[in-house]
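Okay, thanks for coming, everyone. Let me put the model up on the screen.

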Amino acid sequence: MIAVVGGGPAGCIAARYCAKEHETVLFETQKKESRRVQCSGLLSKSGLHRLGINPRSDSAKAFIQNSVRGAKIYSPLGSLLEIDGGMDKAYVTDRKAFDNHLLDKATDAGAELQNNTIDKKNLGELKSKADKIILATGTNYNLHKALNINAPCEFLYGAQYEMKIECESDYVEMYLDVPGFFSWIIPVDDYARIGLCAPDNPVPYLEEHIKRLRKEKRIKEPAIREKNYGVIPMYNPGLRTEYPKVSLAGDAAGQVKATTGGGVIIGGLAAKNAGIEGYEKIWKKEIGKELYLHLRVRRFLNNLSEKNADKLIRLLAENKDLIEKKGDMDMASHLLNGFLGRPSFMARFILQAPSHLLDQL
Ligand SMILES: Cc1cc2nc3c(=O)[nH]c(=O)nc-3n(C[C@H](O)[C@H](O)[C@H](O)COP(=O)(O)OP(=O)(O)OC[C@H]3O[C@@H](n4cnc5c(N)ncnc54)[C@H](O)[C@@H]3O)c2cc1C
């Protein structure tokens, strides 16, 4: 029997694939109706397809809230990079409904759902019954500790409010105005998700971000529909994710893009193989390089001064045709290879970037 602990996207996807060949039990603390998630729900169209989910299907209507075609990215000094994908590039999803959709797919494939929490007390019994345990417990690392296995150890902290504000319904906005990350506005319906991540308490930064929107007279109603807080693990390429009887998937394995904090697609892609012998080799072959590139880009961005971040945004704006053509929200290599193949961009980039930062790429 394969036991999957955690029924978020990673656990549901792992359980669905395991159930095709093995008796599979999926343990999830939360009930379907009252599930709470911390997420902006922005998922790339290509990523959904990679997970075998057709966002235009009837069943997807339950969780797709909006579609976006582009992004407006502002440097700390206000320069704008506007990317227009020309068509739907990403979807804003209701994560509760999305997770429940994935849960239905897992149980339809034959996985048995048990609404139970696995803790130190019942872990021993589970270990004796299961041939393999897949930990997909998100950022709850208690079972890692109980099993004496390493967990991610570097984190970002996210905060997000849902409010009615003026914004374009098919563009997300990103502001490089938070140390070590960015703030975002994601249009949903007649409201938007306004949030950010930071290496420490994110709330003061979010209050500042909202204050600025108020000054710009973009807040339509001061009431906050919902407040959301969560933790995002930083990808650690050295973290072991496969043991003789235990595998880690999703946030439990730190499978998160360090550039954006997005973990649903990339964690889901890894989780497909979490029940297979040699899982770590398989997922690293498919997405290990991508996660590593996201990490290097994040480190590079974190060390840019405001002035250099502004220069970079202006240089990217001059080359936005390439971003529009090659950009992929999940696979960083597609765009980076595109830049490497454009000598005019590379020459300006190398001339502009301080050499100690180039060493980090
Ligand atoms: C503010 C914020 C915004 C974000 N926005 C995005 C975004 O726009 N796009 C994106 O791709 N990612 C986003 N993320 C990241 C994304 O939410 C995570 O990467 C994703 O949820 C990871 O999925 P998972 O299945 O690994 O873990 P989770 O979704 O956390 O699921 C883990 C599940 O395990 C259950 N569980 C935990 N412990 C136990 C236990 N011991 N026994 C039984 N059940 C247990 C929990 O109840 C939970 O349902 C965001 C994160 C934050 C904090």
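Predicted model: local features only at pLDDT ≥ 70, side-chain atom pairs only at ≥ 80, totals over all residues.

Residues are numbered from 1 along each chain as its sequence is written.

So, the ligand. It has 40 residues around it, and the closest are Gly8, Gly138, Gly230, Gly250 and Gly263; being near here takes a C-beta atom, placed from the backbone, within 6 Å. Elements giving two or more residues to that shell include helix H1 (9-19) and strand E14 (219-233); helices are DSSP runs (H or I, at least four residues), strands are E runs of at least two, numbered from the N terminus. Both domain 1 (2-66 + 95-152 + 236-295) and domain 2 (155-233) supply at least three shell residues, with bounds from an automatic or database domain assignment.

Now helix H6, residues 203-215. At 1.5 Å a residue, its 13 residues should span 18 Å, and the end C-alpha atoms are 18 Å apart, which agrees; the expected span is 1.5 Å times one less than the number of residues.

Which residues of H6 are buried? Tyr205, Leu206 and His209, where buried means 20 or more other C-beta atoms within 10 Å of its own, exposed 12 or fewer, and partly exposed in between, with C-beta atoms placed from the backbone. On the other side of H6, Pro204, Glu207, Lys211, Arg214 and Lys215 are exposed. After H6 comes lysine 217, with a positive phi near 60 degrees.
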